[in-house]
Amino acid sequence: MSEQQSPIHVYRGGYLESVHEVDVAVVNSDGEVLFSYGDPNRPTFARSSMKPFQAVPTVETGAAENFSFDAADIALFCSSHNGEPIHRSRVLSLLQKVGEGEKSLQCGTHIPRDIESYKKLIRDDKDLTPVYSNCSGKHTGMLATCAYLNEDTSTYRELDHPHQQRILNVISTICDFNKEAIGIGVDGCGVPVHQLPLKKIAKGFACLSQPGRMIDQTYSESLRTIRNSMMEYPEMVAGTNRFDTDLMNAFDGGIVAKAGAEGVQCIGLVDSGLGIAIKVEDGNGRAASVAAMRVLEELKIGDEETKSKLKLYTEPTVKNMAGNTVGKITAEFQLQNKEYAN
């Protein structure tokens with residue numbers, strides 16, 4: 001594919017080295033595709049971008065109120081966190097409040113993004129545990145809801161468990177997509193993961209950005225609580241030096257954002273009520289934030305001061321092992337208007 005046809009370019013020493021294809025859908029609260037790039041109908045596993053919707057039952061059932069969860073707790077339920085001390089300590093505290101232990105978490109584990117925490121484990125001759133998983137917050141919210149409703153907590157991640165069925169109903173309603181048509185897979189952390197057309201995922205984020213505009217108001221108050229929690233505590237949603245955290249901090253109540261694995265990035269614009277969903281075709285996450293910044297630029301979102309805070313994501317540098325800048329990543333595409341988007 002020629003340089004001119006490729007939306008994301010990776011340069012090394014001034015020469016084009018790699019390209020990434022992306023699909024973009026920008027929709028309003030009615031689900032109308034206003035702008036797009038690539039295929040807005042692309043069937044997409046939204047991966048962790050679905051976490052705000054997976055957290056809805058925790059608020060909707062009364063579990064959050066019962067356990068006196070605060071806004072930072074709810075933000076953590078939506079997180080793909082770094083595994084920093086602030087994330088781990090809160091997860092452990094919440095599990096204790098619910099009456100469960102870390103062994104109840106079925107998310108598995110992995111090396112955390114917070115390398116200092118991992119190094120400390122090695123120095124202390126300790127093993128990785130589930131609390132270090134970037135999905136431990138989500139799983140804690142699921143456990144809390146099941147415990148509150150006196151449901152089996154040992155099978156909470158199974159598709160036929162009442163809690164996973166609640167989540168499926170929530171996603172179907174908010175994203176306005178037939179429940180039976182939602183593709184189901186297994187996410188990296190073991191729970192069901194949902195495949196929908198990209199524009200339907202964007203519709204969900206339009207609803208998250210302005211729940212009051214939803215035709216079906218069933219979950220509007222829960223979505224408002226979740227949106228506000230994420231924007232108030234963006235460091236709980238991701239962590240230090242993460243796009244979601246930095247984006248929400250920079251726009252200070254104007255944007256709600258959640259990334260997903262395999263190059264997914266979703267954004268809700270609070271003032272306009274628009275939802276944005278982005279999928280990098282080859283699954284490389286390095287292109288997702290660059291594409292997102294391009295979409296915001298195309299939509300004329302943010303003043304110069306706000307955009308200056310996000311320069312690291314607009315045109316990231318490529319560095320070598322010594323930390324020297326040897327290239328850059330750029331976005332080279334324009335959104336199509338709704339005449340071509342549907």
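Start with helix H10, residues 220-232. This is a predicted model. H10 has 13 residues. From first C-alpha to last, the helix reaches 18 Å, close to the 18 Å expected at 1.5 Å a residue. Now show its side chains. Ser220, Ser222, Leu223 and Ile226 are among the buried residues of H10. Arg227, Ser229, Met230 and Met231 are buried as well.

**Next stop: the cavity**

How many cavities of 30 Å³ or more are there? The count comes to one. The volume of the largest cavity is about 30 Å³. To find it, select Gln54, Ala55, Thr58, Phe77, Lys138, Gly141 and Met142, which line this cavity. Colour them by class: three are nonpolar, three polar and one charged. Which helix gives the most to the lining? Helix H7, residues 136-148, does, with three residues. As for the method, a probe the size of a water molecule, rolled over the atoms, shows where empty space is left.

**Next stop: strand S10**

Select residues 274-280, strand S10. Seven of its seven residues are buried, so the strand is largely enclosed by the rest of the structure. Side chains in a regular strand alternate between the two faces of the sheet. In S10, Leu274, Ile276, Ile278 and Val280 point one way. Gly275, Ala277 and Lys279 point the other way. Both sets are buried, Lys279 included.

Strand S3, residues 22-27, runs antiparallel to S10 and is joined to it by six bridges. Look for Val24 in this pair: its bridge partner in S10 is Ile278. Follow the chain from S9 into S10: the two strands form a hairpin with four residues between them. Stop at Gly273 in the turn, which has a positive phi of about 75 degrees.

**Last stop: the open sheet**

Select strands S2, S1, S12 and S11. They form an open sheet of four strands in the order S2-S1-S12-S11, with antiparallel pairing. S2 (15-20) and S11 (317-319) are the edge strands, and each pairs on one side only. Look along the sheet: neighbouring strands are turned by 25 degrees against each other on average, direction ignored. Then zoom in on S1, residues 8-12, and S12, residues 325-331. Five bridges pair these two strands in the antiparallel sense. Finish at His9, whose bridge partner in S12 is Thr330.

Methods. Residues are numbered from 1 along each chain as its sequence is written. This is a predicted model: local features need pLDDT of at least 70, side-chain atom pairs count only at pLDDT 80 or more; totals for chains, interfaces and linings use all residues. Side-chain values use heavy atoms; hydrogens and water are left out. The expected span of a helix is 1.5 Å times one less than its number of residues. Buried means under 20% relative accessible area, exposed over 50%, partly exposed in between (1.4 Å probe, protein chains only). On a 1 Å grid over the protein atoms alone, a cavity is a set of points where a 1.4 Å probe fits but cannot get out, and a pocket is an open set with protein on both sides within 12 Å along at least five of seven lines; lining residues have an atom within 4 Å of a point. Grid points are joined across faces, edges and corners, and a volume is the space filled by probe spheres set on the points. Ala, Val, Leu, Ile, Met, Phe, Trp, Tyr, Cys and Pro count as nonpolar, Asp, Glu, Lys and Arg as charged, and the others, Gly among them, as polar. Two strands pair if DSSP finds at least two bridges between them. Axes are lines fitted to C-alpha atoms, for helices over the stretch in contact, and angles run from 0 to 180 degrees between N-to-C directions.
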